[in-house]
Amino acid sequence: MAINKYSVKVTPTAKSRVDSVDFSNIPFGKVISDHMFVADYDGKQWVNPRIEPFGAIEMTPANLALHYGQSIFEGMKATKFNGVPHLFRPEMHARRLNISAERMCMPTFPEDLFVQALEMLVELDSEWIPEIEGNSLYIRPVMFATDEYFGVHASEKYKLVIFTGPVGPYYAKPVSLWVEEVYTRAAQGGAGEAKCAGNYGPALLPAQRAKMAGYDQVMWMDAVEKKYVQEVGTMNLFFYMDGKIVTPATTGTILRGITRDTLTTLLKDWGYTVEDRLLSIAEIADAHGRGALHDCFGAGTAAVISHVSSITWRERRMELPPVDEQHREVSFRLKNHINRLRAGLESDEKYRWLHSCANSGVMELAGAQEMAG
Ligand code: COI
């Protein structure tokens, strides 16, 4: 049994909704599992950690988070094999949540309680984990201010909620990109490195405009010179060019992706040269012109890897090689490896990224509650 340090109250749902889900067709973000984890910050410490049926939370319209954006989140995934639910690098997400919290003047959350909460929640809702390769249980932790106060200040009280939902692939097909030179995602000194709500809302209009112009997503450029590549949509970017892998350096404006870290680690293991550096759009166009741009893909928790079919920079449309294993050897190898790892089909000996959720103690607590009820 996992040694769980914190006492978490568990109130199981009276009736699971899992039988109503068509696991062969799950749109990303639409289906939510039975339970959620909730904890409150009372101004001094985190209190009342609990697991209860997923449902609405009462909220005042004067909630600070709604007005001034003190809201951060994480995105991660669980899979199941041999009947055992597994998380992927949960401690990295715990760390990153706290980095975002610090940037947004919010309290940090005990990282061991975060991991314990994930173990318990995912074990309790393990029936919701799809067992189709490439599908998974998406986990959404979100922390937000709860003070009823409309003056501009840091809230004293907060909530952390973690809920989950089964998901299929994020993007069904390769994406065409528009190089965005009008709108920017983040500037030096801003909050681009934090996973905060404020980084996502302003990205919706440029994404919508790109869609209307016939592209799937935008490629963000640096905010000063509009010269250096940053991210794609909500993902980190990788290029395979001139026989090397290049990913834009995280110099303060780019999210430090956990998938980005996983891919970089694997690529180095496999003997690829990985350059983590400033990369200009002109350099990409030059490589494309010479026939040396072999692959480009987005990397994030939701999609894992999203292949790019074309990049349009001003009037120039750069078509990339066909999206198949033969032409996109690197990204296919990475995607297959991660999906297989998550499905328990690859050895996890070297890095131990998988984290078992068996025996979290939640089943006993849920059973005791049911009997008491
Ligand atoms: C991810 O790629 O994991 C993301 O951040 C997308 C998410 C906001 C749905």
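Is Glu74 buried or exposed? Glu74 is buried, because its relative accessible area is 0%. This report describes a predicted model.

## Domains

The domain assignment divides the protein into domain 1 (9-169 + 352-372) and domain 2 (175-322). The C-alpha centres of domain 1 and domain 2 are 29 Å apart. Contacts between them involve 18 residues of domain 1 and 20 residues of domain 2.

The size of an interface is often given as the accessible area lost when the parts come together. Between domain 1 and domain 2 about 1600 Å² is buried, and carbon and sulfur atoms give 64% of that area. On the domain 1 side, Phe73, Arg96 and Trp353 lose the most area to domain 2, together 35% of what that side buries. One salt bridge is found across the interface of domain 1 and domain 2.

In soluble globular proteins, nonpolar side chains tend to be buried together. The largest nonpolar core in this model has 50 residues, of which Phe37, Ile51, Phe109, Phe114, Met143, Leu160 and Ile162 touch the most other members. Helix H3 (residues 111-124) gives the most to this core, with eight residues. Both domain 1 (9-169 + 352-372) and domain 2 (175-322) supply at least three residues to this core. Another core, of 26 residues, lies apart from it and has Val246, Ala292, Val308 and Met318 among its members.

Which residues is Ile162 in contact with, leaving aside its neighbours within four places in sequence? Ile162 is in contact with His35, Met36, Phe37, Phe114, Ala117, Leu118, Leu121, Ile139, Arg140 and Pro141.

## Salt bridges

Side chains of opposite charge can pair when their charged atoms come close. The structure holds 25 salt bridges. One of the pairs is Glu74 with Arg96, whose side chains meet at 2.8 Å, N to O. Glu74 lies in the loop between strand E4 (71-73) and strand E5 (76-81) and Arg96 in helix H2 (residues 90-103), so this pair ties together parts that are 22 residues apart in sequence. Arg96, with 7% relative accessibility, counts as buried, and Glu74 is buried as well, with a relative accessible area of 0%.

Asp276 and Arg260 form a salt bridge through their side chains, at 3.1 Å from N to O. This pair links distant parts of the chain, with Asp276 in strand E14 (residues 274-277) and Arg260 in helix H5 (residues 258-269), 16 residues apart. Asp276 counts as partly exposed because its relative accessibility is 43%, whereas Arg260 counts as buried at 9%. The side chains of Asp261 and Arg89 also meet in a salt bridge, at 2.9 Å from N to O. Glu319 and Arg317 make a salt bridge at 2.6 Å, N to O. Here Glu319 is partly exposed at 45% relative accessibility, and Arg317 is partly exposed at 44%. A network of salt bridges links Asp40, Arg50, Glu52 and Lys159.

## Cysteines

How many disulfides does a search of the whole structure find? The search finds zero disulfides. Cys296 is buried, with a relative accessible area of 0%. Cys357 is also buried, with a relative accessible area of 0%.

## Loop residues and backbone angles

Most residues other than glycine have a negative phi, and most peptide bonds are trans. Arg314 has a positive phi, near 55°. Arg314 sits in the loop between strand E16 (304-313) and strand E17 (316-319), and counts as partly exposed at 49% relative accessibility. The phi of Asn359 is also positive, near 55°. Asn359 belongs to the loop between strand E18 (354-356) and helix H8 (362-372). The relative accessible area of Asn359 is 45%, so Asn359 is partly exposed.

Tyr170 is placed in the loop between strand E8 (158-167) and strand E9 (175-180). With 31% relative accessibility, Tyr170 counts as partly exposed. Not counting residues up to four places away in sequence, Tyr170 touches Phe28, Thr234, Ala302 and Ala303. Tyr170 and Phe28 are 142 residues apart along the chain, and their C-alpha atoms are separated by 6.1 Å.

## A residue in helix H6

Ala282 is found in helix H6 (residues 281-289) and counts as partly exposed, at 42% relative accessibility. The C-alpha atoms of Ala282 and Met219 are separated by 14 Å, and the two residues are 63 residues apart along the chain.

Notes
Residues are numbered from 1 along each chain as its sequence is written. This is a predicted model: local features need pLDDT of at least 70, side-chain atom pairs count only at pLDDT 80 or more; totals for chains, interfaces and linings use all residues. Side-chain values use heavy atoms; hydrogens and water are left out. Helices (H or I, at least four residues) and strands (E, at least two) are DSSP runs, numbered from the N terminus. Buried means under 20% relative accessible area, exposed over 50%, partly exposed in between (1.4 Å probe, protein chains only). A disulfide is a pair of cysteine sulfur atoms within 2.5 Å. A nonpolar core is a set of buried Ala, Val, Leu, Ile, Met, Phe, Trp, Tyr and Cys residues joined through side-chain atoms within 4.5 Å. Domain bounds come from an automatic or database domain assignment. Contact means heavy atoms within 4.5 Å. Buried area is the accessible area (1.4 Å probe) that two parts lose on being put together, summed over both. A salt bridge is a side-chain nitrogen of Lys or Arg within 4 Å of a carboxyl oxygen of Asp or Glu.
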